[in-house]
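Colleague: I would like to learn how to read a protein model feature by feature, with the general idea before each case. Could we go through one together?

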Amino acid sequence: MSHILIIDDEAGIRDTLAMIFEYEKHTVTTAESGTEGVKLVTEGNPIDVILLDVKMPGMDGLETLQKIRQIREEVPVIMISGHGTIETAVEATKLGAFDFLEKPPDREKLLLVVRNATQKKQLETQVKIMRERLQTKETMLGASAAMRNVRAMIDRVAPTEARVLITGENGSGKELVARAIHSGSKRSQAPFVEVNCAAIPRDLIESELFGHEKGSFTGAQNQRIGKFEQADGGTLFLDEIGDMSLEAQAKVLKVIDEGWIERVGSSTGKPIKVDVRVIAATNKNVPDEIRAGRFREDLFHRLNVIPIHVPPLRQRAEDIPMLVKAFGEEFAAEAKRKPQKFDDEAIKLLMSLPYTGNIRELRNIIERIVILTTSDTVKRADVESLGVAFSMAGSHKSFDTGGNQQAEEFARTVLTPTDMARIQSTESEGYIISSRDNPLQDALSAESFQDFKDRAEKIFIEERLREYSWNISRTAEAMNIQRSHLYTKMKKFGLTKTKEGDEEIVDEEVEMGE
């Protein structure tokens, strides 16, 4: 329920309103003057909604409203008056009042307005939290010289209108660079619109970028506003522009040169003016693409006003401890658990990996470790089994190092015989835990995150059962869960030992199935 502050100089009104709200299980605080009400707000008392009288001796309602808005702008204020006029209501609205009610207010309308005000405050709070989380996720972390150079370039470029071409490997953080440029620009309050050129079929890319009119092609049942129009006044981020068709490249070039677009199927012949800053990114070597005839040289020169290269993670390994800490805290918060500490050996191993998937790969490894480990400290063995083995499961024989000596050494030294035995053990030991031969590969082939978590949990429980020779009591104790909970999980995942000649090991105290 909500905490409501009533500010009115008439005791009868205060008591009546308090009785209505307290009957609805709300908490009520009252003040007999604007000065007292402002003091309560200033003291930081929990307040969700304020009901404020307009006509009061001393500090009147409008002056009180202004002071409250200066102190707690997020709290909605509902004005009430027995002498209300349209002019007063308009002035109160301009000063930030949520609504204006005449005395005596209708009970149902009063409760409805308060409920709407409360919901508005809750939504605004949720939006604020989501924005803070989004900003945290979009923060470019790293103290290495390479990242300092990237940030310095962003600071120089962001306030300008110059087009930027960002290059770098997949997962290296090109989108974060684009968003940082937008956030630091004069367009930061306008839209940031992203287009993944590699994910859109060639025959639909023009419709996606420029929009289309109803009936312009089969399936065009409604008019569609394109990304250029959506980004008007803001920034358009063309991600993986190296995968865009030559025909679409020509049209993008025209828009950049002229500042006009025309929707697909437009019959008016009237172009639409757009004001867009274009930032593009690619993981390809654009000069090579130009020589191969797959990218227009003139478009390259239009986009490459300011080139920014994002280094791969393996070239800035000193940033990995900071990234591990940030990702670990993020996923621990999502799981509502205390952040884990990664010991020195675990960090050392994480810093030695080749990271062909760059930051995205590291992020996935940390998320997996947070989900599947229960201890407060993550050790090297956890990284080997849940980071390395999972990432390479089923692919170690065909691991392509691309001639990278560090990667080859990694494949030989980190993927130890123990790791390989772990990957292959389910077939040799005859445990029924999956419809596939390789449980790790089975988990990685999940179609959804929830499916992945279920499969990974199954593997984790099977590992612990095998470690404790299928002794239910010891396994449950090691996992810090109740035996009944372990039974439930085993039943859910069909975990039974079926190797011929082996007896199924059950609880020391309770028969399986109790």
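Modeller: Let us begin with a term we shall need: a residue counts as buried when its relative accessible area is under 20%, and as exposed when that area is over 50%. Please keep in mind that this is a predicted model. Asn-358, at 0% relative accessibility, therefore counts as buried.

Colleague: How many residues does the chain have, and what percentage of them count as buried?

Modeller: The chain has 514 residues, and 44% of them count as buried. It holds 22 helices and 18 strands, and among the contacts with a separation of 6 or more, 69% join residues 24 or more positions apart.

Colleague: How should I read a helix, and which residues of H6 are buried?

Modeller: The general idea is that an α-helix has 3.6 residues a turn, so residues three or four places apart point the same way. In H6 the buried residues are Met-147, Val-150, Ile-154 and Val-157. Seen down the axis of H6, these buried residues fall within an arc of 95°, so they line one face of the helix. The face turned away from that buried side carries the exposed residues Asn-149, Asp-155 and Arg-156, while the buried residues pack against strand E6, helix H7, strand E13 and strand E14.

Colleague: Which residues of H4 are buried, and what covers them?

Modeller: In H4, which runs over residues 86-94, Thr-88, Ala-89 and Ala-92 are buried. Viewed down the axis of H4, they fall within an arc of 100°, so they too line one face of their helix. Their cover includes helix H3, strand E4 and strand E5, whereas the face of H4 turned away from the buried side carries the exposed residues Ile-86, Glu-87, Thr-93 and Lys-94.

Colleague: What should I look for in a nonpolar core, and which residues have the most contacts inside the largest one?

Modeller: One looks for buried nonpolar residues joined through side-chain atoms within 4.5 Å. The largest such core has 30 residues, and Leu-209, Phe-228 and Leu-238 are those with the most contacts inside it. Helix H10 gives the most to this core, with five residues. If we leave out residues up to four places away in sequence, Leu-238 touches Val-195, Cys-197, Leu-209, Val-252, Val-278, Ile-279, Ala-280 and Ala-281. A second, separate core has 26 residues, including Ala-317, Phe-331, Ile-369 and Val-370.

Colleague: How many aromatic pairs does the structure hold?

Modeller: It holds two aromatic pairs. One of them is formed by Phe-210 and Phe-228, which are stacked, with 5.6 Å from centre to centre and 15° between the planes. Phe-210 lies in helix H8 and Phe-228 in helix H9, so the pair ties together parts that are 18 residues apart in sequence. Both Phe-210 and Phe-228 are buried.

Colleague: What should I check in the backbone, and where do Lys-336 and Asn-358 lie?

Modeller: In general, most residues other than glycine have a negative phi, and most peptide bonds are trans. Lys-336, although it is not a glycine, has a positive phi of about 55°; Lys-336 lies in the loop between helix H13 and strand E15, and it is exposed, with a relative accessible area of 77%. Asn-358, also not a glycine, has a positive phi of about 60° and lies in helix H15. As for peptide bonds, the one from Lys-103 to Pro-104 is cis, with omega near -15°, and Pro-104 is found in the loop between E5 and helix H5.

Key
Residues are numbered from 1 along each chain as its sequence is written. This is a predicted model: local features need pLDDT of at least 70, side-chain atom pairs count only at pLDDT 80 or more; totals for chains, interfaces and linings use all residues. Side-chain values use heavy atoms; hydrogens and water are left out. Buried means under 20% relative accessible area, exposed over 50%, partly exposed in between (1.4 Å probe, protein chains only). Helices (H or I, at least four residues) and strands (E, at least two) are DSSP runs, numbered from the N terminus. The arc is that of the directions from the helix axis to the C-beta atoms. Contact means heavy atoms within 4.5 Å. Rings of Phe, Tyr and Trp (its six-membered ring) pair if their centres lie within 6.5 Å; planes under 30 degrees apart count as stacked, over 60 as edge-to-face and the rest as tilted.
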